[in-house]
Amino acid sequence: MDLNGRSILLAVSGGVAAYKAAELCRLLVKEGASVQVVLTAAAARFVGAATFQALSGRPVVTDLWESPVADGMPHIGLTRAADLIVVAPATADVLGKAANGIADDLLSTLLLASNKPVLFAPAMNREMWAHPATQRNVARLREDGALISGPAAGEQACGEVGEGRLVEPEDLLQDIVAALQPKVLAGRRVLVTAGPTFEPIDPVRGLTNRSSGKMGYAVARAAREAGAQVVLVSGPTALATPHGVQRVDVETAQQMFDAVMAHIAQSDVFVAVAAVADWRPAQTLPHKLKKQEGQHAPALELAPNPDILASVAALPDAPFCVGFAAESDKLIEHAAAKRARKGVPLLLANLGPQTFGRDDNALELFDSSGHRPLGRGSKIDLARRLIAEIAARLPASPAGDGGSTG
Ligand code: CTP
């Protein structure tokens with residue numbers, strides 16, 4: 001659980017998107033967080049305190065003067081107990097007050113009294129969002145160190161279409177988890193490959209493998225949590241794109257090679273997690289291969305695919321390269337040889353193809369000084385550990401902001 005032992009102060013202000021904050025509250029609790037909900041008077045008109053009380057398991061605080069807090073100073077006590085304050089949805093009014101230091105109700109007072117990081121998830125009509133006053137307020141909040149998640153674009157409750165929707169609760173959860181991760185890759189650009197490749201034989205058949213893409217997606221997510229700008233070049237998978245990650249979909253190894261080369265000059269780090277097919281059918285038939293009575297099974301002639309990782313590592317201005325290896329036997333020997341052959345400083349070896357599709361994994365880390373276990377755990381935990389190993393090996397950090405989660 002990503003939020004075990006964490007305390008989140010979830011402040012809900014008065015917009016129709018307040019109903020989505022109830023789902024966010026449930027997700028936060030499910031991830032292990034203790035959640036204290038604060039409702040503004042307007043929010044309480046959209047969703048009742050009883051809903052949040054049931055979901056968070058705690059009394060909801062709505063009023064500066066009539067709070068269940070013993071010392072009668074909820075604006076101090078609540079923020080001191082929190083690791084992170086999340087304002088979702090954040091109305092134009094709340095953003096304006098927070099940007100200008102106005103403190104005239106419980107939420108605005110606790111934001112001013114807060115000594116904790118604050119993440120605002122704006123939600124409002126698209127014209128209100130685009131208004132120079134709102135944009136000025138958001139820019140000022142960013143300067144003050146606040147995190148801004150969204151807003152998303154799409155159909156609005158008012159019937160208009162545009163930017164101003166609350167970021168979906170699942171995505172907001174990812175931003176909240178990210179806000180609590182160390183920003184060891186702030187200002188860095190990371191390119192990741194993930195998933196299998198699919199090499200067509202004819203319009204309906206092809207060669208592929210059992211990679212689910214989970215490890216590569218976890219690496220992309222962990223890099224983004226660490227403050228990097230992330231491009232994920234993905235073979236066919238059934239996975240959702242990690243929030244805030246730019247995804248480029250490809251099918252074949254050649255397409256993956258081309259997409260990687262198109263982005264490589266803008267990358268500081270390249271992590272090759274994809275299970276790239278080493279060979280493809282020498283010819284792709286334009287029509288479905290039909291079987292005929294009495295005919296022998298057709299032979300499939302194969303041609304080699306480019307080695308993406310080795311090609312990137314051999315570039316004159318190569319980024320920091322990380323490879324993965326799935327070995328079925330002689331793990332240590334084969335993985336060490338693979339690291340040398342591909343010319344990469346860091347290589348991670350999976351225990352074997354049996355980890356495909358699973359949510360957990362065990363990885364051994366190989367670098368110039370030998371090898372050691374990175375550990376065993378969920379793929380996202382291992383990905384976070386890997387990101388820390390990569391960050392520790394990069395040359396001194398460029399000036400990075402890492403201030404936005406949007
Ligand atoms: N890789 C790549 N392009 C390829 C093949 C592999 O970029 N055409 C990358 C993978 O993403 C992984 C690493 O190279 O990071 C090792 O992949 P793996 O399949 O284990 O190695 P192979 O080079 O295919 O060697 P072998 O199949 O002989 O074990």
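This talk walks through the ligand site, the pockets and a few backbone details of the structure above.

Before the details, please keep in mind that this is a predicted model, in which local features need pLDDT of at least 70 and side-chain atom pairs count only at pLDDT 80 or more, while totals for chains, interfaces and linings use all residues. Residues are numbered from 1 along each chain as its sequence is written, and side-chain values use heavy atoms, with hydrogens and water left out.

Let me begin with the ligand. Around it there are 15 residues, the closest being Ala272, Ala274, Phe324, Lys338 and Lys342, where a residue counts as near if one of its heavy atoms lies within 4 Å of the molecule. By class, this shell holds nine nonpolar residues, one polar residue and five charged ones; here Ala, Val, Leu, Ile, Met, Phe, Trp, Tyr, Cys and Pro count as nonpolar, Asp, Glu, Lys and Arg as charged, and the others, Gly among them, as polar. Helix H12 (308–313), strand E16 (320–326) and helix H13 (331–342) each give at least two residues to the shell, and E16 gives the largest share, four residues. These elements are DSSP runs, numbered from the N terminus, with helices (H or I) of at least four residues and strands (E) of at least two.

Now to the pockets. On a 1 Å grid over the protein atoms alone, a pocket is an open set of points where a 1.4 Å probe fits, with protein on both sides within 12 Å along at least five of seven lines, and its lining residues have an atom within 4 Å of a point. The ligand takes up the space of the largest pocket, in the sense that more than half of its atoms lie within 2 Å of the grid points. This largest pocket contains about 870 Å³ of space, and of its 37 lining residues the closest to the centre are Ala274, Ala275, Val276, Asp278 and Phe324. Its lining divides into 17 nonpolar, 13 polar and seven charged residues.

The second largest pocket has a volume of about 670 Å³, and among its 22 lining residues Asp2, Gln174, Arg221, Asp359 and Ile380 are the closest to its centre. That lining has nine nonpolar, three polar and ten charged residues.

I will finish with the backbone. The peptide bond from alanine 88 to proline 89 is cis, with omega near -5 degrees, and proline 89 is in strand E3 (residues 84–90). Another cis peptide bond joins glycine 150 and proline 151, with omega about 5 degrees. Lysine 330, although not a glycine, has a positive phi of about 40 degrees, and this lysine 330 sits in the loop between E16 and H13.

Terms used
Grid points are joined across faces, edges and corners, and a volume is the space filled by probe spheres set on the points.
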